[in-house]
Amino acid sequence: MKIGRNDPCPCGSGKKYKRCCLVKPRLIPNVTEVTPTPELESLRDQINLENEERRKKYLEPQGIYIDFVKPMIYQGRKFWALGSRLYYERPPDETFHEFIIFVLCQTLGEEWRRQQIALPEEQQHFAYKCYKKYNEWRKKNHTLNNQQGEVWAALPDGWTRAFLALAFDVCSLIHKDYLSDKLLNRLRNKDQYQGARYEVAIMAMFARLGYKITPLDDTDIKTTHPEFIAEDLVNGEKIAVEVKSKQREGVIHTPGSVSDPAQLLWGDVSRLYRHAMKQNPGNIPFLVFIDMNSPQTPGIAWQDKPWVKDIKKMMTKSPLHNPQNPDPCSGLMFTNYSYHYQTEDEAKSGEHLQTIPLHPIHRIQRGDFFERLGKALASYGNIPNLDIEVGK
């Protein structure tokens, strides 16, 4: 429905639309969800015809093995779908990147947004700061030089890439119906955000790999346990997954300040590794993911990066398992998805290091699992363009 300039603004501010969200970027746009009609179902059928080819050609090289529905234009408006949710009457020139930001903002909610606005800037949530910085980046780059047809494009800065990665992860979990209220509330909470954020990243990665996700709730399980179980929908194999994110003083709501910037480059995750290994259920394959939360050092060779050297040293000190003494861990992945350090600079791709034991107690059945996972790890933070035409 079209909103008149003198109508009350749908954001709930009490102002007229022309004096409110018509002239400023809005965090929480209005959304309408409808029960699909036969005509709309016909549109979705047309879209589904292209899904498999698009997935194989454009998505699988990025570690995405599920279908994201290509949008359709109907009567001059754009239609998007995530799982069973249909978003219609969207702007015809809206890109997938803009759409997932819209969904993220809607998911975080109007009440949360109002809470953030009321806080002093230094107390605002990291995700809300990213949103404000994204709007600044968007305004700065909305120029004729960046125009490509009816849309515009520019390389994201650190704030923007961090926000887009969060949006894609949240939308991926919504798409497969794996986003729980508890996990969403942890994302909204500054004190729990960093751990929840990395858990969302790895859960979304497995969702995009085509796995069923079952979170293990601390309130329901009294013994030590991993974050979630990922179930292969092809062969039924279940994998226990534990995730940890390195906290550093003064970074993403962690109290304190950085006294020596060089400390941010150190690996120093031995304690996280030992704690993660205690979460192994012992009866199925077990994977550990640890994020370094360290500034990137593009001028340093990979083998000379401080956090990589620290990890190699840590692994050298660990017991070397053999056929007679197999490894309790089926795979140990270290990531460094640290766009937040890059702020207004052009964002660099994330980093990762896979260590795959030769003699695990439980070997993952799918032969190409680590190849698929490697694609997902290497492509993390790259958001696909779902408007691309198959065959072009």
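Mentor: One cut-off before we start: buried means under 20% relative accessible area. Also, this is a predicted model.

Trainee: Okay. Which residues of helix α10 are buried?
Mentor: α10 covers residues 369-379, and its buried residues are F369, F370, L373, G374, A376, L377 and S379.

Trainee: Let me zoom out. How many helices and strands are there in the protein?
Mentor: 10 helices and 11 strands. The protein has 392 residues, and 48% of them count as buried.

Trainee: What share of the contacts comes from residues 24 or more positions apart?
Mentor: Taking contacts with a separation of 6 or more, 65%.

Trainee: Now helix packing. At what angle do α4 and α5 pack?
Mentor: About 120°, with the axes 8 Å apart. That makes α4 oblique to α5. The crossing of α4 past α5 is left-handed.

Trainee: Which residues make that contact?
Mentor: From α4, F126, A127, K129, C130, Y131, K133, Y134 and W137. From α5, W159, T160, A162, F163 and L166.

Trainee: How does that set divide by type?
Mentor: 10 nonpolar, 1 polar and 2 charged.

Trainee: What about α5 and α7, at what angle do they pack?
Mentor: About 55°, and their axes are 9 Å apart. So α5 is oblique to α7. This crossing is left-handed.

Trainee: Who makes the contact there?
Mentor: α5 brings A165, L166, F168, D169, V170, S172 and L173. α7 brings Y193, R197, V200, A201, M203, A204, A207 and R208. They divide into 11 nonpolar, 1 polar and 3 charged.

Trainee: What does H175 contact?
Mentor: Setting aside neighbours within four places in sequence, I66, D67, F68, L82 and G83. Look at G83 in particular. Its backbone nitrogen lies 2.7 Å from a polar atom of the H175 side chain.

Trainee: And where is D177?
Mentor: In the loop between α5 and α6 (181-188). D177 is not a glycine, yet it has a positive phi of about 60°.

Trainee: Buried or exposed, that D177?
Mentor: Exposed, at 68% relative accessibility.

Trainee: Which other non-glycine has a positive phi?
Mentor: D268 is one, at about 50°. D268 sits in the loop between β8 and α8 (270-277). With a relative accessible area of 53%, D268 is exposed.

Trainee: Back to β8, then. Is K244 buried or exposed?
Mentor: K244 is buried, because its relative accessible area is 14%. K244 lies in β8, residues 238-245.

Trainee: What does the K244 side chain make a polar contact with?
Mentor: The side chain of E242, at 3.1 Å.

Trainee: And what else does K244 touch?
Mentor: Not counting residues up to four places away in sequence, K244 touches Y198, L272, H275, A276, F289, I290 and D291. Take A276. K244 and A276 are 32 residues apart in sequence, but 7.2 Å apart in space, C-alpha to C-alpha.

Trainee: Last one, on α4. What about N141, buried or exposed?
Mentor: Buried, at 15% relative accessibility. N141 is found in α4, the helix of residues 126-141.

Trainee: Which residues is N141 in contact with?
Mentor: N146, W152 and A154, leaving aside neighbours within four places in sequence.

Definitions and conventions. Residues numbered from 1 in each chain as written. Predicted model: local features only at pLDDT ≥ 70, side-chain atom pairs only at ≥ 80, totals over all residues. Heavy atoms only, no water. Polar contact = N/O pair within 3.5 Å; in protein donor to acceptor, adjacent residues only side chain to side chain. Contact = heavy atoms within 4.5 Å. Axes fitted to C-alpha atoms, helices over the stretch in contact; angles between N-to-C directions. Helix = DSSP H or I, 4+ residues; strand = E, 2+ residues; numbered from the N terminus. Parallel < 35°, antiparallel > 145°, perpendicular 65-115°, else oblique. Left-handed = near helix turned anticlockwise from the far one by under 90°. Nonpolar A, V, L, I, M, F, W, Y, C, P; charged D, E, K, R; others polar. Buried < 20%, exposed > 50% of the residue type's maximum accessible area, 1.4 Å probe, protein only.
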